[in-house]
Amino acid sequence: MKEGNILLVEDNPDHAILTRRALKQGNVANPVVVAEDGQAALDFLFASGNALPALVLLDLKLPKVDGLEVLKRMRADERTRRVPVVILTSSNDERDLAAGYDLGANSYIRKPVDFEQFSKAARDIGLYWLILNEPPPSTHR
Amino acid sequence: MMLVVLISLVSITVGIVDYLYSSRMQTAQFESNAARYESDLHQLLELPLWNVDDALIKKIGSAITTNKEFAYLSIRDEKQRVIYHYSKYDGDIIKRELVVRHNGQIIGSAEIGLTLQPYQAENRRMIMAGIGIAFLLIALLFGVMRWVLSSLLKKPMDTLIGSITEVVKGKYQQLASPQTYEEFSPIVSSIDTMSAVVANREESLRKKSEELEHYFTSALDLLCIADTDGYFLKLNPEWEETLGYPMTELVGRKFLELVHPDDMEGTLQALSTLSAQNSALNFTNRYRHKDGSYRWIEWRSYPVGTMIYASARDITERKRAEDEISRLNEELHRHAAQLEQQVAARTAQLEAANKELEAFSYSASHDLRAPLQTIDGFSRALLEDYGDKLGAEAKDYLQRLRAAAQHMAGLIDDLLKLSRLTRADMALEPVDLGELACAVADELRAQEPAREVAFEIAADAIVQGDKRLLAILIQNLLGNAWKFTSKHPRARIEFGVAERDGERVYYVRDDGAGFDMTRVDKLFIPFQRLHTTSDFPGQGIGLATVRRIVARHGGRIWAEAMPEQGATFYFTLPAAPARTPGSI
């Protein structure tokens with residue numbers, strides 16, 4: 001398993017708890033940092049001294065700065081351009097899907113209502129992105 | 001006439017010849033007379049001159065000059081002394097000099113002047129008398145001829161003239177030939193021939209004019225002959241009907257009196273066109289009917305000199321219809337404009353509603369599901385973490401909580417799908433419904449290979465539509481048929497095409513559970529189900545989806561069913577446009 005944090009960008013505390021739980025049940029051991037809105041996520045990403053996360057789990061509908069805007073800024077910045085971003089959201093709206101991929105999302109997962117399925121999804125995400133997937137070369141900070 | 005001229009010429013010629021002859025004879029006579037006078041005078045004067053007896057000489061002179069031929073006489077002695085002198089005429093005088101000698105010695109002279117005048121006067125008298133006689137003869141001849149002709153030819157000529165007069169009057173009988181004069185028969189037969197020919201021509205002319213008159217009086221069109229001064233000369237009976245006046249009030253009437261004041265200028269212009277010997281075609285104006293209303297008349301007029309030959313038509317009804325049409329057209333345009341306005345307003349409203357709907361569905365897809373995840377997630381967490389502290393009933397409640405949350409999530413998804421169908425852009429193309437049906441049938445059989453279901457799928461069901469939406473349509477209908485035949489051991493599902501009232505109708509028929517037709521009105525309403533979920537699972541969104549798709553294609557859908565006898569869903573869709581060669 002790759003080292004590094006998982007940045008969970010999620011404004012709903014219930015979902016933050018449930019996502020942590022699902023990741024834990026899916027045996028994803030990486031520490032989870034929660035950003036409660038888009039601005040907090042950007043602050044974390046671009047704050048000096050913070051290591052880049054190994055994976056960003058990004059909700060779309062967020063206060064202050066929404067998920068697509070966060071993605072856009074990440075992809076526009078040299079430092080965060082290659083960080084894997086998985087959109088994890090309730091919606092499977094076509095416009096969200098199109099915009100997410102257009103802005104450079106690596107994956108798009110719709111949160112299942114059934115928690116067992118969600119738990120399975122979390123395990124698969126961890127397995128894929130933190131184990132199977134070869135991460136981008138670490139960028140200079 | 002020739003005879004008269006000939007007679008005149010002959011008598012004049014005879015007169016002239018006679019005149020010339022007598023002239024010549026007179027001249028000869030005159031010459032001999034002159035010679036005689038000369039010798040006589042010489043004899044008479046010799047002695048007196050010798051004796052110088054002047055008295056005797058004078059006596060001799062006056063005696064001889066009594067002769068009317070003498071115009072001049074001058075007697076002189078040898079010394080040229082005039083002893084006697086006589087002069088009568090100034091006109092043409094032939095003078096002769098006579099020398100009187102005695103024993104060879106000249107003793108005197110005499111000058112004699114003779115005139116022809118008396119002869120000439122005689123001659124003239126003679127000629128005048130000749131001419132007079134000639135004229136008298138001619139006059140006599142004329143009189144005689146006239147009498148002869150009139151007395152002999154009058155009767156036959158009168159007969160002939162009488163007959164010709166009859167012919168002139170139009171009675172073409174055979175001429176009565178005068179019996180006494182054979183010479184008239186060629187004239188009579190010529191005139192007979194002429195009269196027969198004229199009679200023939202007149203008859204054919206009469207027939208033609210009768211024919212024309214028949215046409216004139218029986219024509220449906222308005223026919224008229226007028227003059228360029230603006231008077232009706234002859235009209236056919238149709239005019240009485242059209243203008244309401246009896247013929248007697250129309251013929252000879254100044255037609256301009258009947259023309260609508262607004263059309264007067266145009267009518268005068270047409271008249272001047274006709275006066276210039278140009279025809280006036282498709283000219284229209286209004287004529288006043290006796291009842292005061294106006295009739296639209298359309299004209300075709302041809303001029304011949306000062307006459308106008310015209311056929312016309314009462315186009316009042318046509319004009320009225322045209323006016324009505326243009327009025328209706330205007331109304332239509334106004335309505336169309338109104339309608340367009342309404343459509344624009346509705347479209348704006350619809351667009352606003354659509355925007356709202358989009359915003360709603362976006363929000364719904366994010367926000368309505370999130371609490372359900374929370375409910376399900378924490379229920380699951382309770383079961384996992386505190387399962388040992390919960391009784392069986394508590395666990396059951398939590399399971400029910402989770403089931404409800406998941407069900408609701410399903411409903412939300414279906415609703416979102418339905419609203420997406422409403423919004424999605426359609427890409428129209430020819431779509432083979434039979435092909436789609438075959439694919440769905442294969443899919444269904446693969447899911448439940450144990451079932452005995454016979455599919456019958458029509459070929460050549462090609463429509464114009466959005467392939468993605470039509471696939472959903474077929475999937476729903478065949479999926480329903482599959483589902484509602486599941487309780488029967490054997491089933492038959494048919495996709496077909498039929499012709500109803502000249503319209504192509506597609507249908508999906510099964511021999512499954514069917515339904516009660518009294519509840520057919522609930523069939524296509526979202527989440528309205530005619531069967532319980534335990535009998536046949538489902539959300540009740542499929543047929544609502546189907547109806548939405550058919551409606552978006554401009555078609556209709558309806559159903560016929562009997563409980564346990566199966567159901568048939570009919571729908572219409574626009575046909576694919578006919579393929580033209582060279583199109584892709």
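Tutor: Let's start with one idea: a residue counts as buried if 20 or more other C-beta atoms lie within 10 Å of its own, and as exposed if 12 or fewer do. Keep in mind that this is a predicted model.

Student: Thanks! What share of the 584 residues in chain B is buried?

Tutor: Buried residues make up 22% of chain B. For chain A, which has 141 residues, the share is 40%.

Student: What do the contacts say about residues at least 24 apart in sequence in chain A?

Tutor: Take the contacts in chain A between residues at least 6 apart in sequence: 71% of them join residues at least 24 apart. In chain B, 57% of the contacts with a separation of 6 or more are between residues 24 or more positions apart.

Student: Now the confidence. Where in chain B is it lowest, and where is it highest?

Tutor: Begin with the average: chain B has a mean pLDDT of 85, and 96% of its residues reach 70 or more. Confidence in chain B is lowest in helix 1 (residues 2–51), where the mean is 78, and highest in strand 8 (residues 294–304), at 93. For the complex, the predictor gives an ipTM of 0.86 and a pTM of 0.48.

Student: How many residues of chain B are in contact with chain A?

Tutor: There are 15 of them, and they touch 16 residues of chain A. On the chain B side, helix 8 (316–386) and helix 9 (392–423) each supply at least two residues. Helix 8 of chain B gives the most to that side, with 12 residues. By class, the side of chain B that touches chain A has six nonpolar, six polar and three charged residues.

Student: I'd like to learn how to read a pair of packed helices. At what angle do the axes of helix 2 and helix 3 of chain A cross?

Tutor: Compare the directions of the two axes; angles under 35 degrees count as roughly parallel. Helix 2 (residues 38–46) and helix 3 (residues 67–76) of chain A have axes that come within 9 Å and cross at roughly 20°. Helix 2 and helix 3 of chain A are therefore roughly parallel to each other. Their crossing is right-handed.

Student: Which residues meet there, between helix 2 and helix 3 of chain A?

Tutor: From helix 2 of chain A come A:Gly38, A:Ala41, A:Leu42 and A:Leu45, and from helix 3 of chain A come A:Gly67, A:Glu69, A:Val70, A:Arg73 and A:Met74. The residues of this contact divide into five nonpolar, two polar and two charged.

Student: And how are helix 10 and helix 11 of chain B placed: roughly parallel or oblique?

Tutor: Helix 10 (residues 433–447) and helix 11 (residues 467–484) of chain B pack at an angle of about 45°, with their axes 9 Å apart. Helix 10 and helix 11 of chain B are therefore oblique to each other. This crossing is right-handed. Helix 10 of chain B brings B:Leu433, B:Leu436, B:Ala437, B:Val440, B:Ala441 and B:Leu444 to meet B:Leu470, B:Ala471, B:Ile474, B:Gln475, B:Leu478 and B:Trp482 of helix 11 of chain B. The contact has 11 nonpolar residues, one polar and no charged ones.

Student: Let's turn to single residues. What is the phi of A:Asn27?

Tutor: A:Asn27 has a positive phi of about 60°, although it is not a glycine. To find A:Asn27, go to the loop between helix 1 (13–25) and strand 2 (32–35) of chain A. A:Asn27 is exposed, because it has 11 other C-beta atoms within 10 Å.

Student: Where does B:Asn103 lie?

Tutor: B:Asn103 lies in the loop between strand 3 (93–102) and strand 4 (105–115) of chain B. Its phi is near 55°, a positive value in a residue other than glycine. B:Asn103 has 7 other C-beta atoms within 10 Å, so it is exposed.

Student: Why does B:Asp263 count as partly exposed?

Tutor: B:Asp263 counts as partly exposed because it has 18 C-beta neighbours inside 10 Å. B:Asp263 is found in the loop between helix 6 (247–250) and helix 7 (264–275) of chain B. Beyond its neighbours within four places in sequence, B:Asp263 is in contact with B:Asn285 and B:Arg286. B:Thr284 is 21 residues from B:Asp263 along the chain, and the C-alpha atoms of the two are separated by 8.6 Å.

Notes: Residues numbered from 1 in each chain as written. Chains lettered and ligands numbered in written order. Predicted model: local features only at pLDDT ≥ 70, side-chain atom pairs only at ≥ 80, totals over all residues. Axes fitted to C-alpha atoms, helices over the stretch in contact; angles between N-to-C directions. Helix = DSSP H or I, 4+ residues; strand = E, 2+ residues; numbered from the N terminus. Parallel < 35°, antiparallel > 145°, perpendicular 65-115°, else oblique. Left-handed = near helix turned anticlockwise from the far one by under 90°. Contact = placed C-beta atoms within 7 Å. Nonpolar A, V, L, I, M, F, W, Y, C, P; charged D, E, K, R; others polar. pLDDT = per-residue confidence, 0-100.
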